[in-house]
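Please look through the sequence and the 3D structure shown here, and then read the report that follows.

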Amino acid sequence: MDFLSAIGIKLASSFLGAVMALVFQPPKNNADFWTRLGFSILAGILFSDPVRDWLKWPVTTENNMAAAGLTALLSWWLMGAVVRVVGAWKPKE
Amino acid sequence: MSIFQLALLGGGVIAAFFAWGNWRAIGWIVALLIDHAVSVAYWDTGLPYAELVAGLCDASVCLVIYALARAEWEIKVLYRLFQGMVLVNMLYLAGNLDIAPKIDHVVYSSLLEVINVLILLSIGGFGRLERIENRDVVSVPARPSLYRTFVALRERRKKAPFWEV
C-alpha cells in the first residue's frame, strides 16, 4: 500500500474514532472541540502502528483502520484528562 | 424483512400513533428507523465490521439529537439510550478484535432490541405528554416523585451544544 493511501486510511479512521468518543464526552466549547479533534487525529496517525503491534494484530488494512480508530478514541479522553489535570494544577488568579 | 425488523416497524407505528401531532417526536422515530435500516442493510452485505457501521449510525443519531434537542428528555433520556446502543456496538466490536471479552451474538442483538423498545417507549410517552401539554405546575406534588421527574424532563434543555457556548 502506498504512503498516501495509508495516511488517508489512518486519517479517516482517526476521525471516526474521534466522532465515537465525542458521543460519550462532548467538548465544552469550540476551542475544546478543535483541540481534542486535532490531538486525536494526530495521535491516530502517529501511534496507530505501535498500538497495532502492541495488540499483536496482523498487518492488514482492517487492523490498521481499527488501530487508528482505537488510538484516536482513547486520545480524545486522554486530552480531556490532561486539560483537567493542568487546570487543577494551574495557580488560581 | 425479519420478524425483529417488522416488530420494530410496528413499534414505531404505535409510538407515532401515541405521539401523533408532535412532529419532533415522529422525527425521532423516523431517525431510529433509518438508523436501523442502514445498519441492517450493511449487515446483510456480509462486509466486515458491521457492528462498527451500526455504531457509527447510532453515533450519527446521537450527534443529531445533541444538535437539535430542545427538551431535557431528549438529552437525558433519548441521547443516553442511543449512547447505550453505541456502547453495545463498541463492546461487541472490541470482543471481535480480542481487546475485550467476546459477547455472544444473541446477547448483543437482544441488548440492541431492548434499547430500541426503550427508545420507542420514551419517544411515544414524552411525545404524547408534550402533545397534551399538561403543565399545571400547581398540581405537582411538593415532595420528590416520579411525576415531578417527568415534568422536569419536559422542561427546556439546560445545556446548549458546545458550539453555542
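In helix 2 of chain A, the buried residues are D32(A), F33(A), R36(A), L37(A), S40(A), I41(A), A43(A), G44(A), I45(A), S48(A) and R52(A), where buried means under 20% relative accessible area with a 1.4 Å probe, protein chains only. They pack against helix 1 (3-24) and helix 3 (61-89) of chain A. This is a predicted model, in which local features need pLDDT of at least 70 and side-chain atom pairs count only at pLDDT 80 or more, while totals for chains, interfaces and linings use all residues. Residues are numbered from 1 along each chain as its sequence is written, chains are lettered from A and ligands numbered from 1 in the order in which they are written, and side-chain values use heavy atoms, with hydrogens and water left out.

Helices are DSSP runs (H or I, at least four residues), numbered from the N terminus.

| Residue | Feature and value |
|---|---|
| N29(A) | caps the N-terminal end, with a side-chain oxygen 3.3 Å from the backbone nitrogen of A31(A) |
| F47(A) | kink of about 55 degrees, shortly before the proline P50(A) |
| K56(A) | positive phi of about 60 degrees, just after the helix |

Turning to chain B, the axes of helix 1 (residues 3-18) and helix 2 (residues 23-45) come within 10 Å and cross at roughly 170 degrees. These two helices of chain B are therefore roughly antiparallel to each other, a term for angles over 145 degrees. Chain B has six helices and zero strands, and 43% of its 165 residues count as buried.

Key
Bend = angle between axes of the 7 residues up to and from the residue. Buried < 20%, exposed > 50% of the residue type's maximum accessible area, 1.4 Å probe, protein only. Contact = heavy atoms within 4.5 Å. Polar contact = N/O pair within 3.5 Å; in protein donor to acceptor, adjacent residues only side chain to side chain. Axes fitted to C-alpha atoms, helices over the stretch in contact; angles between N-to-C directions. Parallel < 35°, antiparallel > 145°, perpendicular 65-115°, else oblique.
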